[in-house]
2 protein chains.
Amino acid sequence: MPGPRHRRTAQRARASALQPQLRISFKKSIAMGPGKADLLDAIDATGSISAAARKLGMSYRRAWLLVDTMNECFKAAVVETLTGGAQGGGARVTDFGHDIVRRYREMSRKAAASVAREMSEFATLMVR
Amino acid sequence: MPGPRHRRTAQRARASALQPQLRISFKKSIAMGPGKADLLDAIDATGSISAAARKLGMSYRRAWLLVDTMNECFKAAVVETLTGGAQGGGARVTDFGHDIVRRYREMSRKAAASVAREMSEFATLMVR
DNA sequence: CTACGTTATACACGATTAAATATAACGCAG
DNA sequence: CTGCGTTATATTTAATCGTGTATAACGTAG
């Protein structure tokens with residue numbers, strides 16, 4: 001007797017796992033998403049791209065590319081950097097960047113709230 | 001002296017480029033997103049995974065993996081398949097699958113509508 | 001029985017992506 | 001001047017992803 005064809009890995013569905021993700025695409029790249037917002041927070045907290053990358057467990061190169069993508073997508077710089085100096089340099093989220101993150105997070109919150117009921121119903125249709 | 005600022009028709013920022021994408025993640029995989037919804041539509045229209053893949057310009061393997069991911073993520077099958085027979089077999093979106101797509105599309109629409117104003121404001125902050 | 005088109009799977013190959021490593025420029029501390 | 005940590009970039013290496021190809025099982029038509 002053959003077993004079920006599709007085995008399902010036991011997995012509890014955490015509420016956060018079912019949160020809708022808001023991503024703002026621009027041409028082929030993603031201008032803003034949850035990962036980039038977190039990176040900007042980490043740059044705020046640490047004062048440098050490299051420290052933010054370490055904090056988030058990603059490579060410096062990857063963090064730098066994410067910053068570069070953001071700076072390319074928006075009208076103005078989201079992150080400003082300095083080289084040299086006492087700490088070797090650093091990075092800083094601009095006022096414009098803070099505004100971008102604030103707007104993004106507000107849109108995410110609002111969009112998620114608008115479908116909160118539907119999402120929780122949807123969640124009941126997924127493997128628990 | 002810059003030349004005439006021509007309207008960049010080729011890369012004009014279409015509204016869809018800035019539309020938020022709703023993706024419903026589950027564990028590490030994406031249970032439902034715009035691509036998977038389109039695939040289910042194509043399976044509806046063609047009656048098979050392979051024809052749907054051809055219609056969407058993707059490999060059969062990729063389409064099959066997307067279907068498999070969906071079937072794994074949800075409580076019940078989203079797509080049912082048959083092998084053999086007059087047409088060699090085929091695939092069919094289940095009633096459950098239709099319900100999933102309907103719910104997903106409704107959530108997408110509602111979420112996008114809820115932040116439509118904020119999105120258009122946000123768009124003005126991006127490179128034109 | 002044979003042919004056909006599809007599902008389901010496996011494998012090889014290339015493309016894309018990410019990480020790891022290396023290096024130069026920078027500017028201040030010492 | 002030298003050392004340090006950072007930015008920015010290039011190069012190499014590894015991992016992931018996607019396609020293409022191949023094959024077996026399947027069930028109906030002919």
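**Labels and cut-offs**

Mentor: Start with DNA strand C. There are 24 residues around DNA strand C, and A:R62, B:I49, B:W64, B:T81 and B:G88 come nearest. Sugar and phosphate make up 74% of the atoms of DNA strand C that come within 4 Å of the protein. Keep in mind that this is a predicted model.

Trainee: Why is the pair between B:G88 and DNA strand C called a polar contact?

Mentor: The cut-off is 3.5 Å between N or O atoms. A polar backbone atom of B:G88 is 2.7 Å from a base nitrogen of DNA strand C. That is within 3.5 Å, so the pair qualifies.

Trainee: Which other atoms of DNA strand C take part in such pairs?

Mentor: A phosphate oxygen is 3.1 Å from a side-chain N or O atom of B:S50. A sugar or linking oxygen lies 3.0 Å from a backbone N or O atom of A:G85.

Trainee: What is the make-up of the surface near DNA strand C, by class?

Mentor: Six nonpolar, 13 polar and five charged residues.

Trainee: Now DNA strand D. Which residues come nearest?

Mentor: A:I49, A:W64, A:T81, A:G88 and B:S59, of the 23 residues around DNA strand D. Sugar and phosphate account for 73% of the DNA strand D atoms within 4 Å of the protein.

Trainee: How do you know that B:R62 makes a polar contact with DNA strand D?

Mentor: A side-chain N or O atom of B:R62 is 3.3 Å from a phosphate oxygen of DNA strand D. The limit is 3.5 Å, so this pair is inside it. Phosphate oxygens of DNA strand D also lie 2.9 Å from a polar side-chain atom of A:W64 and 2.5 Å from one of A:T81.

Trainee: Why are β3 and β4 of chain B called paired?

Mentor: Pairing needs at least two bridges. Strand β3 (residues 79–83) and strand β4 (residues 89–93) of chain B have five, in the antiparallel sense, so they pair. B:E80 stands opposite B:R92 in β4.

Trainee: What lies between these strands?

Mentor: Five residues, in a hairpin where B:G84 takes a positive phi near 75 degrees.

Methods
Residues are numbered from 1 along each chain as its sequence is written. Chains are lettered from A and ligands numbered from 1 in the order in which they are written. This is a predicted model: local features need pLDDT of at least 70, side-chain atom pairs count only at pLDDT 80 or more; totals for chains, interfaces and linings use all residues. Side-chain values use heavy atoms; hydrogens and water are left out. Helices (H or I, at least four residues) and strands (E, at least two) are DSSP runs, numbered from the N terminus. A residue is near a molecule or strand if one of its heavy atoms lies within 4 Å of it. A polar contact is a pair of N or O atoms within 3.5 Å; within protein, one must be able to donate a hydrogen and the other to accept it, and residues adjacent in sequence count only if both atoms are side-chain atoms. Ala, Val, Leu, Ile, Met, Phe, Trp, Tyr, Cys and Pro count as nonpolar, Asp, Glu, Lys and Arg as charged, and the others, Gly among them, as polar.
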